[in-house]
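Let's take a walk through a protein model together. Have a look at the sequence and the 3D view, then read on.

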Amino acid sequence: MHSKFKTIIEPFRIKMVEPIKMTTLSERKKYLEEAAYNLFQIRAENILIDLLTDSGTGAMSAAQWGKMMEGDESYAGCKSFYDMKDAVVDLTGYKHVFPTHQGRAAERILFSCIGGEGKIILNNTHFDTTRANVEYTKAEAIDLVIDEGRDPSSLHPFKGNMDLVKLENTLKQYAGSDRVQMCMMTITNNSGGGQPVSMQNIRETKAICQKYKIPFFLDACRFAENAYFIKQREDGFKNKAIKQIVQEMFSYADGCTMSAKKDAIVNMGGFLAFNDDNLAIGVQNMLILTEGFSTYGGLSGRDLAALAQGLKEVVDEDYLEYRIVSTQYLGNALIEMGVPVVRPIGGHAVYIDAKAMLPHISALQYPGQALACALYLEGGIRSVEIGSFMFGSYDKKTGAEIPSKMELVRLAIPRRVYTQSHIDFVIEVIAEVNKNKNALRGYKVVEQPPFLRHFSAKLKKL
Ligand SMILES: *Cc1c(COP(=O)(O)O)cnc(C)c1O
């Protein structure tokens, strides 16, 4: 970043490699049929470039692997827990830190303590596991992102922002009813396109929550990427260190849930951290009941050690610059070839607007799924549909399926894993699919579970 050259380089070199396997078109056709057109059901060894998720798919650093060797595997009070707790407290300032095996475990424990029938949780946009864990307790999950956040073509710099008018109206509507248990803020807003939230919006959301005495938590999975966007785009932050920005973001919230598989750059881990002493009692009981003792929470000491190191590495500005610039490299190439994408390009992923790209496929025939299957078939690339298939919901009275607000296909970039030529290949494959897009057909769900259907549902080509 202090260079006079325009090429942003990977701020690391590669010292261990993992071969990836080429497959033929007829093999991929067979694998796709066997998976019932659900890409979660394909074996990873039959994928060439896996952009399914940036979750737990990052490459750990030499320092993280070194820390793993030092991991303290004591059942109670291991040193690795205290190292991890120190790293979390250093960034967040929160009093209680509970490790969990991943983000959704933190969510399940949190909502089992504060959720339940008649209760309401607010968010800019609930991530799929967050919504599912809220709804599993029979509580209601309400999304209050600004309108620009639902418009794939809007160039608003902070499309993850909470709509403060909708937030205040909602809190007013339920004031005195004891129903709204918490307001959350997902940074960056994953389901809304990996879009950041501004510091000002975090601050103002906090003020409204305080006025109505509602706890305010961050879903902090990509806190470092969010901080980088604040530094780039928001007045007054240009000369602040990323870590300082991160600390300010957390200072406005009362707690957070975290999937360490994202911005802690580990393959497994998460945590729940907050200040409320009363909540800590319930959380600790649930944690011990279902995850493990409170100083390991379902993780090995070595996992905690790597997590602590990852939290230090992720706030490095050279890393974040490389991270954000390489995601934009893919996004800008798609914009240039006329493929509609969510703009501005988010931090961890490029989202193709499948509704705009495939207008001949109706929402309830899952244009996103049609595109995702085509990318696999054409080039062995795995992406994920984030649209009516993922968020499949049904009208409680009529039973009719309700389409999602957007039909997106996410190309998530694993941290520190793929090189520029891998991404150049992805760009070529998308160009080819785009050329033949009018021949793509929609899909129909033929079998599905009651929650998070996109992981295991079976589909049929129409
Ligand atoms: C990944 C993610 C989660 C859930 O975390 P897991 O580690 O996958 O269980 C929750 N919220 C957001 C925004 C996420 O990106």
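## A glutamine and its neighbours

Not counting residues within four places of it in sequence, Gln369 is in contact with Tyr37, Asn38, Leu39, Glu385, Phe389, Tyr443 and Leu459 (contact means heavy atoms within 4.5 Å). Gln369 sits in helix 14, which covers residues 367–379; helices here are DSSP runs of H or I with at least four residues, strands are runs of E with at least two, and both are numbered from the N terminus. Its relative accessibility is 4%, so Gln369 counts as buried. Buried means under 20% relative accessible area, exposed means over 50%, and partly exposed is in between, using a 1.4 Å probe and protein chains only.

## Where this comes from

This is a predicted model, where local features need pLDDT of at least 70 and side-chain atom pairs count only at pLDDT 80 or more, while totals for chains, interfaces and linings use all residues. Residues are numbered from 1 along each chain as its sequence is written, and side-chain values use heavy atoms, leaving out hydrogens and water.

## The whole protein

Zooming out, the protein has 15 helices and 16 strands. Its radius of gyration is 21 Å, close to the 23 Å that the globule rule gives for 462 residues, so the protein is as compact as a globular protein of that length. That radius is taken over C-alpha atoms, and the rule is 2.2 Å times the number of residues to the power 0.38. Of the 462 residues, 57% count as buried.

The domain assignment gives domain 1 (25–54 + 316–461) and domain 2 (62–313), with bounds that come from an automatic or database assignment. Where they touch, 32 residues from domain 1 and 34 residues from domain 2 take part. The C-alpha centres of the two domains are 26 Å apart.

Most residues other than glycine have a negative phi, and most peptide bonds are trans. Now for some exceptions. Tyr366 has a positive phi of about 55° without being a glycine, and this residue lies in the loop between helix 13 (354–357) and helix 14. At 2% relative accessibility, Tyr366 is buried. Lys213 also has a positive phi, near 55°, but Lys213 is exposed, with a relative accessible area of 74%.

Which residues are joined by a cis peptide bond with omega of about -10°? They are Arg343 and Pro344, and Pro344 is in the loop between helix 12 (317–336) and strand 9 (349–353). Another cis bond joins Ile187 and Thr188, with omega about -20°.
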